[in-house]
Amino acid sequence: MAKNRDQADHYTKRAKKEGYPARSVYKLEEIQQRFSIIRPGAVVLDIGAAPGSWTLYTQRNLLKGRGRIVAIDLKPLTLDPLPDRITFLQGDAFSPEIAQQVREAGPYDTIISDAAPATTGNRSVDTMRSQGLAESVTAFAAEHLKEHGNLVLKIFQGGGEQEVIRYMRTLFVKVKPIKPKACRNESFELFLVGLDRKAP
Ligand SMILES: C[S@@+](CC[C@H](N)C(=O)[O-])C[C@H]1O[C@@H](n2cnc3c(N)ncnc32)[C@H](O)[C@@H]1O
């Protein structure tokens with residue numbers, strides 16, 4: 001446990017030093033290093049983007065001065081001023097208004113989602129809500145992701161992750177689970193990566 005806490009501190013300190021608003025950036029970094037889900041010049045949709053570490057990491061390190069990012073969250077991003085190539089939409093990603101704007105700005109090469117429900121402390125409620133979000137994100141991918149595109153989403157373990165994996169397999173050539181090192185040991189979050197979207 002102490003080792004895990006030290007590691008958590010390490011990631012938090014590193015994020016601060018490197019100018020990221022949250023330590024979660026190192027989860028996307030590991031996923032990218034392992035699966036290369038975002039290519040230079042890509043059009044990226046980031047669902048559940050606040051405070052903005054994944055968006056900033058993608059803009060700074062992966063797009064290589066081309067492409068763009070559409071970031072959505074219920075809460076504002078803390079990136080001020082908003083860097084180039086980022087459009088921010090505030091609201092529920094799955095509301096009709098935001099969905100319309102997402103459609104107009106797409107289609108996308110990659111969809112990334114670290115979206116998580118506000119937790120209640122009741123594990124079965126939290127995992128059920130997380131599964132609902134993961135399914136909605138996958139439905140977005142079905143609608144807005146280009147052929148050969150990639151998806152990463154977060155899901156809380158212990159609920160219906162097998163159902164989400166089955167759903168993702170209908171859309172992607174490969175589906176891989178990953179628990180990045182930057183996840184806290186006590187966290188039950190897991191990331192599912194969908195690679196190479198099949199022809200719609
Ligand atoms: C763990 S945080 C994301 C951290 C972000 N990836 C970063 O690196 O800064 C999860 C976010 O998901 C957002 N979220 C949850 N449900 C959402 C929804 N339906 N629409 C938009 N955002 C949502 C929450 O507001 C929260 O900011």
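Me: Which backbone oxygen does the side chain of glutamine 32 reach, and at what distance?

Reply: A polar contact is a pair of N or O atoms within 3.5 Å, where within protein one must be able to donate a hydrogen and the other to accept it, and residues adjacent in sequence count only if both atoms are side-chain atoms. Here the side chain of glutamine 32 reaches the backbone oxygen of isoleucine 38 at 2.9 Å. This is a predicted model, in which local features need pLDDT of at least 70 and side-chain atom pairs count only at pLDDT 80 or more, while totals for chains, interfaces and linings use all residues. Residues are numbered from 1 along each chain as its sequence is written, and side-chain values use heavy atoms, with hydrogens and water left out.

Me: Is glutamine 32 buried or exposed, and in which helix does it lie?

Reply: Buried means under 20% relative accessible area, exposed over 50%, and partly exposed in between (1.4 Å probe, protein chains only). With a relative accessible area of 10%, glutamine 32 is buried. It lies in helix H2 (residues 25-35), where helices (H or I, at least four residues) and strands (E, at least two) are DSSP runs numbered from the N terminus.

Me: Which residues is isoleucine 38 in contact with, leaving aside its neighbours within four places in sequence?

Reply: Contact means heavy atoms within 4.5 Å. With those neighbours set aside, isoleucine 38 is in contact with Gln32, Val44, Thr58, Leu62, Leu63, Thr110 and Ile112.

Me: Which residues touch the most other members of the largest nonpolar core?

Reply: A nonpolar core is a set of buried Ala, Val, Leu, Ile, Met, Phe, Trp, Tyr and Cys residues joined through side-chain atoms within 4.5 Å. In the largest one, which has 31 residues, those touching the most other members are Ile31, Ile37, Ile38, Ile112, Val152 and Val193. Its largest share, five residues, comes from H2.

Me: How do the axes of helix H5 and helix H6 cross?

Reply: Axes are lines fitted to C-alpha atoms, for helices over the stretch in contact, and angles run from 0 to 180 degrees between N-to-C directions. The axes of H5 (residues 123-144) and H6 (residues 161-169) come within 10 Å and cross at roughly 5°. Angles under 35 degrees count as roughly parallel, over 145 as roughly antiparallel, 65 to 115 as roughly perpendicular and the rest as oblique; H5 and H6 are therefore roughly parallel to each other. Gln131, Ala134, Glu135, Thr138, Ala139 and Ala142 in H5 meet Glu163, Val164, Tyr167 and Met168 in H6.
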